[in-house]
Amino acid sequence: MKYFIKTFGCQMNVHESEKLAGMLESLNYLRADKADDADVVVFNTCCIRDGVEQKIMGNIGAIKKLKKANPNMIVAICGCMSQADGRSDMIFKKFPFVDIIFGTHNLHKFKELLTCFKDNHQKISDVWSEANGIFEDTNIVRDDMFSNAWVNINFGCNNFCSYCIVPYVRGRERSRDYRDIVRECEGLVSSGYKYITLLGQNVNSYGNDFEDKSINFAFLLKKVAEIEGDFKIKFMTSHPKDLSEEVIKTIAQNDKICKVIHLPIQSGSNQILKAMNRKYTREHYLGLIELIRKYIPDAYISTDIIVGFPGETEENFLDTYNLVKTVRYDGVFAFMFSKRSGTVAYSMPNQIDEATKKDRIHRLLQLTKSITKEKNQELVGKTVDIIAVHEVDGLFECMTDSGKTIFVNGKLTPNNFYKCKITKFANNKLFADLI
Ligand code: 5AD
Ligand code: SF4
């Protein structure tokens, strides 16, 4: 028997699919390369923007044909879209061939739901309205053998940014016990994983739900960095209202922690930040960037930006545009505002038309493209840390801690860390010599 999981959305979902794979393999299912060959097909869904939901619907629709050819195929839908209000009814109505729908809070129950369906052949819709604790000891089948391992540190979000559906589909913030996290990381290091990425909707609020206030994100970073072995730590995502000087110093002072910070600004306009309920100002954010650059001059800083939030004027947009010019990000993920039902921004007046959103995202992406090019040129002559991936045409393809590809001259062993000196940026590619 074989399974196929199609994942949409963020790293949290990617990691949860690894847990689903663990459950299926413990039931003796083997991984299939495509849905056509699978006895169980799972769609792990996302609902952050309308475009993603449309794409998912298209993908589910395409399964109809396969199910006709193989009526015993079991089709399950889970994740953020199944959890969102009214979606499970809509999915069953639109796609009557779907067998099981479950949400984000009962992911750990998938094995039971599948077994129950196989016994009774009755459609199952089981979406819990809230989370019921944290489930440890799941069997995880990781996709990325030995390079990067995802580790959850906190779940859910308490921030209620006015555009965002995450707090509604992922529930309130809860942090894992740091001893469980450290134990999981120790296991990963001893099995050879080179990167551990700590995952949370807002990693900087790790431990806010604990009585012992000394257990915070800086504490956790230090604990994980104390683990013996040849590995590095990454983390995502940081919220500017909670990123502390102590965390920045911890990153700066620890060789095991990658100097890579994803710090979503969302908008450079104080008026829009207020309407977004982000709880920081442009000035506070720029202060954080200054602090990061003071302690970690070579930090790789990336961000998320939403253009066309309700009420965003050309002047508000230019505040964002000019902030991007000032910060000179290493990476920008820009999105057009998408109305999500249930959120505060859904019914805000002065919604922006699609043409204006498209024009703004286009201008922003043009700017970020030219900044990225300049930044790559500035890397020439610099020494950077890399991990070897594989040989291509006599060169070794390597990756920086931030995920940039570099072609290195030299004989390297895959999955080992090295240092290299960048020699050339040509045809949008970086080349280097081994040090
Ligand atoms: N519309 C557009 N972008 C959104 N994001 C979150 N919600 C929305 C929305 N309704 C973006 C934010 C967030 C990223 C993961 O997705 O920029 O940081
Ligand atoms: Fe959404 Fe804001 Fe929470 Fe991030 S911090 S998940 S943008 S509500």
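The shell around ligand 1 divides into six nonpolar, two polar and three charged residues. Here Ala, Val, Leu, Ile, Met, Phe, Trp, Tyr, Cys and Pro count as nonpolar, Asp, Glu, Lys and Arg as charged, and the others, Gly among them, as polar. The model is predicted: local features need pLDDT of at least 70, side-chain atom pairs count only at pLDDT 80 or more, and totals for chains, interfaces and linings use all residues. Residues are numbered from 1 along each chain as its sequence is written, chains are lettered from A and ligands numbered from 1 in the order written, and side-chain values use heavy atoms, with hydrogens and water left out.

Residues around ligand 1 (a heavy atom within 4 Å) include Ile48, Tyr163, Gln266 and Phe335. Polar contacts are pairs of N or O atoms within 3.5 Å; within protein, one must be able to donate a hydrogen and the other to accept it, and residues adjacent in sequence count only if both atoms are side-chain atoms. Arg49 places a polar side-chain atom 3.0 Å from a ligand 1 oxygen atom. For Asp304, a polar side-chain atom lies 2.6 Å from an oxygen atom of ligand 1. A polar backbone atom of Ser338 is 2.8 Å from a nitrogen atom of ligand 1. On its own, ligand 1 has 400 Å² of accessible area (Shrake-Rupley method, 1.4 Å probe; for residues, only the protein chains shown count as cover), and the protein covers 86% of it. Two or more shell residues come from each of β13 (300-307) and β14 (331-336). Strands are DSSP runs (E, at least two residues), as are helices (H or I, at least four), numbered from the N terminus.
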